[in-house]
Amino acid sequence: LVGSLSADGITACTLLSSYLRSRTIPFTLNFVRSITDTLLAELHECEEQIIAFLDLGVGKLKHISSLHPTKTLFIFDHHVPHAEEHTPGTYLNPHLEGLDGTTEISTAGVMYFLLKALGCAHQRYAVLALVGAVGDAQERGEFLGLNKQLVRECGDYLQTVTGITLFGAYTKPLVKVLERSLNPFLPGVTGNQDAVIRFLERNGISVLHGRRQKWLHQLSPLEVDRLLEALAPRVPSGKEGMIGPVYLIKDPIEGTLYDLREYSALLNACARSGRGAVGFGVCAGDERCFSLARSISENYHRSLLNALVWFFHHKGTEKIVEKEGYVIINAEGYISDQFLGTVLSLISRSGVYPEGTILVALAYTLGGDLHVSSRFCGKGKAVDLKELLDRAISFVGGEVGGHSLAAGAHVKADKEEELLRALDNVFSEVLSTVKIPPS
């Protein structure tokens with residue numbers, strides 16, 4: 001099994017491996033960030049005659065086909081396929097069946113419905129499929145398409161409540177929730193418990209319930225309204241954007257209610273930290289992996305917090321070029337390339353820039369090259385981010401991937417100045433003739 005190093009890839013591999021174990025079929029598992037020539041060479045030489053790619057393959061089918069016919073190939077993916085690509089082996093992709101793999105189902109969902117067709121589905125498997133969907137940002141206020149069906153198939157394993165959608169609001173005291181809050185990020189407050197307490201008291205919200213810190217459900221209706229009013233400026237859709245469905249699951253290890261988004265974030269932290277096997281262990285119910293994953297998640301959260309602090313500290317400097325309709329962030333070595341896209345996603349939802357604004361950022365890789373990532377603020381679709389990056393990168397050379405709403409690229413480090421000019425020129429030219437409407 002070759003899975004993408006992502007929450008969706010981890011959950012998809014967990015589901016397929018569960019089926020293989022139930023049939024006593026031996027397998028090996030490898031999580032990778034991308035399909036490289038080195039990886040393909042290793043697969044050519046490996047003893048396994050059956051190879052399954054999960055949550056990756058689109059855009060690389062021509063390269064994968066080099067393994068065929070000496071190997072039996074299975075490719076499970078949900079990304080938009082390239083029309084000109086030849087399909088080697090068995091290829092399952094929702095787009096080929098008229099389904100939107102960007103919003104309606106992830107690779108983990110594809111795997112769940114495959115297992116269901118084989119008579120091996122389980123309610124907990126449906127939960128894992130939704131964890132993968134959340135990891136691919138497919139929960140946008142609610143689930144759509146087949147993901148919505150997955151919610152029903154979770155049965156008693158999933159509880160849906162309507163309330164404030166602050167991350168961790170149902171598993172931690174309110175002070176801790178705001179101290180760790182990255183969405184929304186509160187400059188000068190997030191990351192500082194004393195500042196959080198002052199923030200709450202300044203807005204007329206008492207911190208204690210008896211002798212203990214208050215939880216969200218212990219706030220009075222007036223305090224809830226005051227909290228929403230205080231946070232609204234940092235949320236693009238205002239107060240309304242903080243109210244919606246919250247999905248709580250039974251944690252397979254502790255037996256308590258657990259936020260679906262937190263479960264996905266735990267796996268994402270493992271993936272971004274290059275520890276896909278730990279995330280796999282969490283999905284399999286291993287207590288040691290669960291404990292290690294929490295530690296990895298804490299370190300990852302701290303890195304994200306430091307990245308956002310760096311961004312807000314340098315906003316308005318030459319490191320962050322703010323133009324009409326787009327922003328170019330040159331993070332250099334201050335933000336890890338491994339989670340540059342995550343940081344951009346957090347900034348895009350911070351309310352700092354108008355909806356429709358394009359964010360593009362550069363960061364150095366460990367190999368000394370440049371990683372480029374781009375996102376929209378909101379859901380602007382008037383331009384295609386991948387096409388924009390394709391156009392800019394064509395002036396300096398490099399490899400572009402992703403899709404219309406989130407794209408990335410790799411460029412040689414000695415092209416940094418040329419790349420910055422190319423991005424500025426291309427974005428300026430295109431956005432001067434295209435108006436990106438707010439969502």
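Two strands are taken to pair if DSSP finds at least two bridges between them; helices (H or I, at least four residues) and strands (E, at least two) are DSSP runs, numbered from the N terminus. The structure is a predicted model, in which local features need pLDDT of at least 70, side-chain atom pairs count only at pLDDT 80 or more, and totals for chains, interfaces and linings use all residues. Residues are numbered from 1 along each chain as its sequence is written, and side-chain values use heavy atoms, with hydrogens and water left out.

An open sheet of mixed pairing is formed by 6 strands in the order E11-E12-E13-E14-E16-E15. Strands E11 (320–323) and E15 (399–402) stand at the edges with a single partner strand each, so one side of each lacks a neighbour in the sheet. Within the sheet, E12 (residues 326–332) and E13 (residues 358–364) run parallel and are joined by 6 bridges; asparagine 330 stands opposite leucine 362 in E13.

Helix H14 (residues 385–393) packs on this sheet, touching (contact: heavy atoms within 4.5 Å) E13, E14 (370–376), E15 and E16 (406–411). The direction of H14 makes about 20° with that of E16, where axes are lines fitted to C-alpha atoms, for helices over the stretch in contact, and angles run from 0 to 180 degrees between N-to-C directions. Helix H15 (residues 416–431) lies across E11, E12, E13, E14 and E16, and runs at about 170° to E12.

The protein as a whole comprises 15 helices and 16 strands. Its C-alpha trace spans about 70 × 55 × 35 Å along the principal axes. Buried residues (under 20% relative accessible area, 1.4 Å probe, protein chains only) account for 50% of the 439 residues.
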